[in-house]
Amino acid sequence: MPMLKLIKEVLRVGNATVPYPFVKVEVSPGFRGKPEYDPTQCIACAACVIACPPNALNMETDLESGTRTWSIFYGRCVYCARCEEVCPTGAIKLGSDFELASFSREDLTIRADFRLASCTRCGAYFASAKSLDHVLALLDQAGLPPESAEDRKALVRMCPECRRKVDLPRVKPIVQEAFDGRL
Amino acid sequence: MMTTMEKPKVGLKYVAAIRNEFGLAVQEESWQAPDQVTVTVDLNTMPAIVESLYYHHGGWLSLVAANDERPLNGNFALYYVLSVEGNEQEQAEGRENCYMVIRSLVPPLQPEFPSVAPRVPAAIWYEREIRDMFGIQPIGMPDERRLVLPDDWPADLYPLRKDTMDYRYRPEPTTEKETYEFINVEGEGIVEIPLGPLHMTSDEPGHFRLFVDGEHIVDADYRLFYVHRGMEKLAETRMTYDQVPFLADRICGICGYAHNVAYSTSVERALGIEVPARADYIRTILLEVERLHSHLLNLGLACHFIGFDTGFMQFFRVREKTMKMAELLTGTRKTYGMNLIGGVRRDILKEQRVQVLQMCKELREEVNVLVAILLDTPNIVQRTSTIGRLEPQVARDYSPVGPTLRGSGFARDMRVIHPYVAYDRVPWKTYYKESCDVLGRTLIRAEEFFESLSMVERCLVEMPEGPILVEGFNYKPYAFALGYVEAPRGEDIHWSMLGDNQKLYRWRCRASSYNNWPPLRYMLRNNTISDAPLIVASIDPCYSCTERVTVVDVRKKKATIIPYKELERYGRERKNSPLK
């Protein structure tokens, strides 16, 4: 009796083998394939590099040539999508490509070079030019009154050291008042 | 809304009971959660306290962790975690289940402690591992062999100590000296073929040694940990505490998400984070989806080991649907990567819900047919009933977990005893059997499968609206707590202590199979060798393939090494014994 039921079930099901790779495999929406990178959107802020658990993403700065190089090594990627989650500009998103086998390790690495911006006061490199532009654009959108907006933007164009020094006259009375003249 | 710490404390009566019995040996208590307390006790009285909680107050040993707290307070610390559920009288007064962590300090210049294993056999593997990893010697421990470290590991190099090694130090991978004594057997027609334990045909390496008298197994011993990956050390050093969920996902290829939830909840408890209700429900759904695929795998393997390969293929075909379900909900078949500290990363939308409900319906019908066929197969009962008995007293002594334990008459399931995520809001049933055998464990898994389907359906329908992730919480260095989950194989429990550098200070993650391996030798006794693969598969271990098996005939004083495939074939065909 069970044999009969079994044979019926086997015949009902038929052949379950999928003829991959001779047919394309459909993946579900939201499937986690390899991260797809758009360098035009990237501002080289390195948020993805900090978030990546297996350290597949890397950022190297070359002060001599004034460039910063972003890279991904797919051999380490675990498709967790943390890079996609933390990217402020949507420059990296997981696609649906999962066929990543390759004959050489070099094929699995992608690099992108970005120019560094130099401080308007001391000339040192301190951030990628695109991330600077991004912050300036955000400040424009923030709707600050024009006078203070220009001051803010001038500060942003400086390195953190210079920024501290230049902003001190504005900050000092605020801090002194907060400490009630005890400073 | 009450925060977790405003809820009334559970387990005060057990703390009072040990204070009563042991007086000043019980020093301090600190509560990490309403049902989790850490009691610091005097080191020399610690074994008696653990024994008292274990046998006199219905305690079960969940975890033992050591921690190198020399940078914090100058000592090593031991944490014996017991799930205390009360003796008969205490249960009659009112059921209170509490995780009691018995903590004691070990002086750094005299790193030894009195072993608990002679009193509570369940502690044996934990103490061997502490000795291997920290160099803290358990005095009076019945089994002195190394558990985790290989034989040629340098003698005074203890991996989990904070000052253990300069990472540039690379000891030689092997030594020239032969450290393992093989039994050399003389005799006619005896052929020994050395294989592995790392051999290209095996999935996971482990070495079993069965001591037989003719066909009957008299005793068994096994050695595992050939692929120990050092994840606890990795989590302390290579990644921040919020990246560890992705590592936890990869502890196991079958119950990875359970480990992920156990870790995430341990940190959430330590930091006092309230996870939103919707996130709890999503976690519950994914945990049950994981249970579906895991139990189907075990049912398929059960078919395979009794020789019913068609059933094996059909179960795996149907299992593909559960993998597709996971892909729909999480974007991947396994290693779901769905947790962050504070909640989950993806929501479940209407389209997904509709499709998953449809799949649940199809699964129920198809698996019903297959389970009916399996149970009607003529030799299933004969091959599994009364085989591989785990006697209730052995179970009580060794604290196994999951279906292995529930098959011996104990209705213990973490979802009921220590509810987590949404299990206290979704009604469901615990399945247990009194038969103590392989058949009982297999039937439990089949019944749990259908119960999981119902739970997935119910959670999908009843999920509340709301956020799925808490963003913004305070990080407290050195906070610690337990996280626990009833994985398909049983209780997974993690103990995490956060460090002062956004990394973990200590992570002790104990997979469910760790508690199920020690009683396995008792389950193998008095069975025939053709039943051995089936018995091992019935605890559904995280390694179910061994590369080779050494069979030692104690009466004839003969040892034969047979490849595992041979043993498996013999288990199925029952003729042409490889011993002849």
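# Legends for a predicted two-chain model

**View 1. Chain A as a whole.** Chain A has a radius of gyration of 26 Å, whereas a compact globule of 183 residues would have one near 16 Å. The radius of gyration is taken over C-alpha atoms, and the globule rule is 2.2 Å times the number of residues to the power 0.38. The C-alpha atoms of chain A fill a box of roughly 95 × 40 × 30 Å along the principal axes. This is a predicted model, in which local features need pLDDT of at least 70 and side-chain atom pairs count only at pLDDT 80 or more, while totals for chains, interfaces and linings use all residues. Residues are numbered from 1 along each chain as its sequence is written, and chains are lettered from A and ligands numbered from 1 in the order in which they are written.

**View 2. Helices and strands of chain A.** Chain A holds 6 helices and 6 strands. Helices (H or I, at least four residues) and strands (E, at least two) are DSSP runs, numbered from the N terminus. Along the sequence their pattern is α-β-α-β-β-α-β-β-β-α-α-α. Of the 183 residues in chain A, 17% are buried. A residue is buried if 20 or more other C-beta atoms, placed from the backbone, lie within 10 Å of its own.

**View 3. Where chain A meets chain B.** The contact takes 16 residues from chain A and 16 residues from chain B. Two residues are in contact if their C-beta atoms, placed from the backbone, lie within 7 Å. On the side of chain A that touches chain B there are 11 nonpolar, 2 polar and 3 charged residues. Ala, Val, Leu, Ile, Met, Phe, Trp, Tyr, Cys and Pro count as nonpolar, Asp, Glu, Lys and Arg as charged, and the others, Gly among them, as polar.

**View 4. Two domains of chain B.** Chain B is divided into domain 1 (4–139) and domain 2 (231–510), with bounds from an automatic or database domain assignment. Their contact takes 21 residues from domain 1 of chain B and 20 residues from domain 2 of chain B. The largest share of the domain 1 side, 6 residues, comes from β3(B).

**View 5. Helix α5 of chain B.** In α5(B) (residues 124–134), 11 of the 11 residues are buried, so the helix is largely enclosed by the rest of the structure. Among them are W125(B), R128(B) and F134(B). The buried residues of α5(B) pack against β3, β4, β7 (137–139) and α17 (512–516) of chain B. Just after α5(B), G135(B) takes a positive phi of about 75°.

Technical notes: Buried ≥ 20, exposed ≤ 12 C-beta atoms within 10 Å, placed from the backbone.
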